[in-house]
Amino acid sequence: MTVRRDFVRLYEGSSDPWRVGEARAEVYENTLKMLRLLGKEKISHILDIGCGSGVFTARVKEIFPNARVAGVDVAPLAIKEASRRYPSITFTAQDVRNLDFQKESFDMVLALDLLYYFSPR
């Protein structure tokens with residue numbers, strides 16, 4: 001698949017090709033502000049789809065320290081880096097179109113900067 005190959009290639013040259021901490025910081029910070037408004041006690045399982053190298057996912061874990069947080073991305077190199085940097089979060093390489101989770105496994109699912117990569121079928 002072309003999209004998968006392209007994403008894998010992005011991570012060969014950088015552990016954070018999207019520059020989450022820089023270029024898109026305002027978007028991510030606004031999202032984190034909204035997440036802080038949620039009732040922390042009601043959210044125990046969180047999934048971040050398209051997590052990349054886990055920078056944003058780790059910030060979510062800071063907001064919900066008692067939640068089990070998982071991240072998935074199509075790029076195995078990104079997942080390897082995320083797992084190394086953030087061992088308290090479970091990261092797996094998966095295609096969003098065929099996720100390997102039971103139904104209703106998560107209280108919250110995040111998919112930032114992801115949907116526009118998919119073409120309508």
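Student: Which residue in S2 is the bridge partner of Asp 48?

Tutor: Gly 71 is the bridge partner of Asp 48. Keep in mind that this is a predicted model.

Student: What makes S1 and S2 a pair of strands?

Tutor: Two strands pair if DSSP finds at least two bridges between them. Strand S1 (residues 45-49) and strand S2 (residues 68-73) share five bridges.

Student: Which residues of H4 are buried?

Tutor: Ala 78, Ile 79, Glu 81 and Ala 82 are buried.

Student: How do you know that they line one face of the helix?

Tutor: Look down the axis of H4: the buried residues fall within an arc of 165°, so they line one face. Lys 80 and Arg 84, on the other side of H4, are exposed.

Student: Why is Glu 81 called buried, and Arg 84 exposed?

Tutor: Set each value against its cut-off. Buried means under 20% relative accessible area, and exposed means over 50%. Glu 81 has 17% relative accessibility, so it is buried. Arg 84 has 57%, so it is exposed.

Student: What makes Arg 84 and Glu 81 a salt bridge?

Tutor: The limit is 4 Å between the side-chain nitrogen and the carboxyl oxygen. The closest N and O atoms of Arg 84 and Glu 81 are 2.7 Å apart, so the pair qualifies. The two residues are three apart in helix H4 (residues 76-85), which means about one helical turn separates them.

Student: How many salt bridges does the whole structure hold?

Tutor: A search finds five. Among them is the bridge between Glu 62 and Arg 59, at 3.7 Å from N to O. That value is also within 4 Å, so the label holds. These residues sit three apart in helix H3 (residues 55-63), about one helical turn from each other.

Student: Which residues are linked with Arg 59 in a network of salt bridges?

Tutor: Glu 29 and Glu 62 are linked with Arg 59 in that network.

Student: What makes Arg 97 and Asp 95 a salt bridge?

Tutor: Their closest N and O atoms are 2.8 Å apart, within the 4 Å limit, so the pair counts. Arg 97 is partly exposed, with 43% relative accessibility.

Student: How many aromatic pairs are there?

Tutor: The structure holds one. The rings are those of Phe 101 and Phe 106.

Student: Why is that pair called edge-to-face?

Tutor: First, the centres are 5.0 Å apart, within the 6.5 Å limit, so the rings pair. Next, the planes stand at 85°, over 60 degrees, so the pair is edge-to-face. Phe 101 is partly exposed at 33%. Phe 106 is partly exposed at 21%.

Notes:
Residues numbered from 1 in each chain as written. Predicted model: local features only at pLDDT ≥ 70, side-chain atom pairs only at ≥ 80, totals over all residues. Heavy atoms only, no water. Helix = DSSP H or I, 4+ residues; strand = E, 2+ residues; numbered from the N terminus. Buried < 20%, exposed > 50% of the residue type's maximum accessible area, 1.4 Å probe, protein only. Arc of directions from axis to C-beta. Phe/Tyr/Trp six-rings, centres within 6.5 Å; stacked < 30°, edge-to-face > 60°.
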